[in-house]
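Have the structure open as you read.

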Amino acid sequence: MKRFLLITAGTVGSLGAVLSITPPQLGNSDLGLTSSAGNSTSTGSSSTTANTTSNSSTSTNTATPVTTPTIKSASGTFTGPAVDVSYGMVQVEITVSNGKITNARALQSPSGRSDRYSSYAIPILTQQTLAAQSTNIQGASGASYTTYGWRQSLQGAMASAGL
Amino acid sequence: MRTQHEIEVWGTVLFIDVTSEFEIEPAIIELTEYVNHVDEVFSTYKTNSTISQLRRGEIEIDICSPEVIEVWNICAYIKDLTEGAFDPWAVDGGFDPSGLVKGWAADKCADRLAKAGAKHIQINAAGDLSLRGGFTPEKPWSIGVVNPDNRLEILQAFEIQDGAIATSGTYERGAHIKDPDTGMIAIGAKSATVIGPDGAIADALATALMVSGRDGAVWFTTPELSEYSAWVIDRHENVAWSIGPATA
């Protein structure tokens, strides 16, 4: 959860507002979701031990330090951690252009019987991203496959991008 | 104060955006218990759920709880209204109301928060939204319909003060809605959005339009659906057509 705090602190405006949500009563679920070690991005900045008290970001690109939530100019592709969601692994890659997410896709996602989970899913990603990028839309209807694991992996990818 | 919450349930994440003049947290905790209860009753993945028992023929509908009977009856109503395009009884393995339970439950959640005294409520259950009280008293909720080919793009926005909006679609992983008549994957539409007063009905109609495609315009024009609107992206031509008051 420390990374979660980092994201909140290091992000400006409405995106921070959206990401600072604390899911109620998710403690048990959190325990069930384990990010696999060593699976962070090439920049190495999606570390799960991100320091929330100083500027000691390990990022080698434009990841935003905690105390200076100013310019979001990251570009490129960023990969989140692979997350074990008990019925498979979820891993997300995002494409960022000038600090804005322009695409997101799953490098890994559950298959087989759990297709249902995948297709059942909520556009939380969409909700968060669009809410951050548009002040005129408060919600999104439509589907993408998003699970809790997707969101965790996404947050890791966003942290890598300094978003 | 406006707050946002997420509850992990139903194989997805339930998103809640609510404004209230009091501490909302107790109501959210209560809501969490409720949505887990809904999961226990309606999940087709839990072998002991009421729905799973119904599917196996171990119990009859007449001994089920009022909420299950309510959902059953809405299913029957929409099956009739859509001339069979929505048919939870045609699903492999028996009666499966998943095509409307999320929309139905989103409504119940919104009603519960409204009853608790919240003023402005958005419940987003995997793209099926229930809305109460507008974003502000003067400004309706503005809800975007996502491009099925690019989930980060809004194709169309609808303004809703009180009501529901539901979208069914085919996704990267392929179509997941079957035509009850043929058992084949539904190919009538690429994405179907329905706006109207009732979340369960909107959800079911969106599912039905995925099956019917443009043919659905026939049954959609029944006077019983005069308060409902549809916005549909064609499967093949990649153009949208619409019907109803919200799309005028």
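## Confidence

In this predicted model, the highest confidence in chain B goes to helix 3 (residues 66-81) of chain B, with a mean pLDDT of 97, and the lowest to strand 6 (residues 150-160) of chain B, with a mean of 81. One stretch to watch is residues 171-175 of chain B, where the pLDDT is below 50. That stretch still has 13 contacts in the model beyond near neighbours in sequence.

Across chain B the pLDDT averages 89, and 91% of the residues score at least 70. As for the model scores, ipTM is 0.84 and pTM is 0.68.

## The sheet

Chain B has an open sheet of eight strands, paired antiparallel in the order 1-2-3-4-7-8-9-10. At its edges sit strand 1 (2-9) and strand 10 (240-243) of chain B, each pairing on one side only. From one strand to the next, the twist averages 10°.

Let's look at one end of that order. Strand 1 and strand 2 of chain B run antiparallel and are joined by eight bridges, with Gln4(B) standing opposite Asp17(B) in strand 2 of chain B. These two strands form a hairpin with two residues between them, and there Trp10(B) takes a positive phi near 60°. Strand 2 (residues 12-19) of chain B also pairs with strand 3 (residues 120-125) of chain B, again antiparallel, over six bridges. Here Ile16(B) stands opposite Ile123(B) of strand 3 of chain B.

## Helices on the sheet

Helix 4 (residues 98-115) of chain B packs on the sheet, touching strand 2, strand 3, strand 4 (128-132) and strand 7 (163-169) of chain B. Its direction makes about 25° with that of strand 4 of chain B. Helix 1 (residues 25-42) of chain B lies across strand 1 and strand 2 of chain B, at about 25° to strand 1 of chain B.

## A closer look at helix 1

Helix 1 of chain B has 18 residues and reaches 25 Å from its first C-alpha to its last, close to the 26 Å expected at 1.5 Å a residue.

Which residues of helix 1 of chain B are buried? They are Ala27(B), Ile28(B), Leu31(B), Thr32(B), Val35(B), Val38(B) and Phe42(B). These cover an arc of only 145° around the axis, so they lie on the same side of helix 1 of chain B. They pack against strand 1, strand 2, helix 2 (50-55) and helix 4 of chain B. On the other side of helix 1 of chain B, Pro26(B), Glu30(B) and Glu33(B) are exposed.

How values were computed: Residues are numbered from 1 along each chain as its sequence is written. Chains are lettered from A and ligands numbered from 1 in the order in which they are written. This is a predicted model: local features need pLDDT of at least 70, side-chain atom pairs count only at pLDDT 80 or more; totals for chains, interfaces and linings use all residues. pLDDT is the predictor's confidence in each residue, from 0 to 100. Helices (H or I, at least four residues) and strands (E, at least two) are DSSP runs, numbered from the N terminus. Two residues are in contact if their C-beta atoms, placed from the backbone, lie within 7 Å. Two strands pair if DSSP finds at least two bridges between them. Axes are lines fitted to C-alpha atoms, for helices over the stretch in contact, and angles run from 0 to 180 degrees between N-to-C directions. The expected span of a helix is 1.5 Å times one less than its number of residues. A residue is buried if 20 or more other C-beta atoms lie within 10 Å of its own, exposed if 12 or fewer, and partly exposed in between; C-beta atoms are placed from the backbone. The arc is that of the directions from the helix axis to the C-beta atoms.
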